[in-house]
Amino acid sequence: MKRTWFITGVSSRFGRCMTEQLLAKDDTVIGTGRNTDKVE
């Protein structure tokens with residue numbers, strides 16, 4: 001089942017790691033982050 005997640009802090013540490021794993025599973029991530037240079 002495909003899920004949608006809202007994650008704060010996707011540009012670093014735990015938030016980034018979690019985001020990468022969820023995207024690899026083909027889930028959707030809506031995220032926020034302070035450093036947009038680190039987020040594609």
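Leaving out residues up to four places away in sequence, Thr19 touches Ile7, Val10 and Val29, where contact means heavy atoms within 4.5 Å. Thr19 is part of helix α1. The model is predicted, so local features need pLDDT of at least 70 and side-chain atom pairs count only at pLDDT 80 or more, while totals for chains, interfaces and linings use all residues. Residues are numbered from 1 along each chain as its sequence is written, and side-chain values use heavy atoms, with hydrogens and water left out.

**Helix α1: span and end**

- Helix α1 covers residues 13-24, and its twelve residues should span 16 Å at 1.5 Å a residue; the end C-alpha atoms are 17 Å apart, which agrees.
- The expected span is 1.5 Å times one less than the number of residues in the helix.
- Helices (H or I, at least four residues) and strands (E, at least two) are DSSP runs, numbered from the N terminus.

- Gly15, Thr19 and Leu22 are the buried residues named in α1; buried means under 20% relative accessible area, exposed over 50%, and partly exposed in between (1.4 Å probe, protein chains only).
- These residues cover an arc of only 70° around the axis, which puts them on the same side of α1; the arc is taken from the directions from the helix axis to the C-beta atoms.
- An α-helix has 3.6 residues a turn, so residues three or four places apart point the same way.
- For Thr19, the relative accessible area is 11%.
- Arg13, Phe14 and Ala24 are exposed on the other side of α1.
- The buried residues of α1 pack against strands β1 (4-8) and β2 (28-32).

**Salt bridge**

- The structure holds one salt bridge, defined as a side-chain nitrogen of Lys or Arg within 4 Å of a carboxyl oxygen of Asp or Glu.
- Its partners are the side chains of Arg16 and Glu20, at 3.3 Å from N to O.
- Arg16 and Glu20 are four residues apart in helix α1, and therefore about one helical turn separates them.
- Arg16 is partly exposed, at 32% relative accessible area, and Glu20 is partly exposed as well, at 46%.

**Gly31 in strand β2**

- Gly31 lies in strand β2 and is partly exposed, with a relative accessible area of 40%.
- Apart from neighbours within four places in sequence, Gly31 is in contact with Ile7 and Val10.
- Gly31 and Thr8 are 23 residues apart along the chain, and their C-alpha atoms are separated by 5.5 Å.
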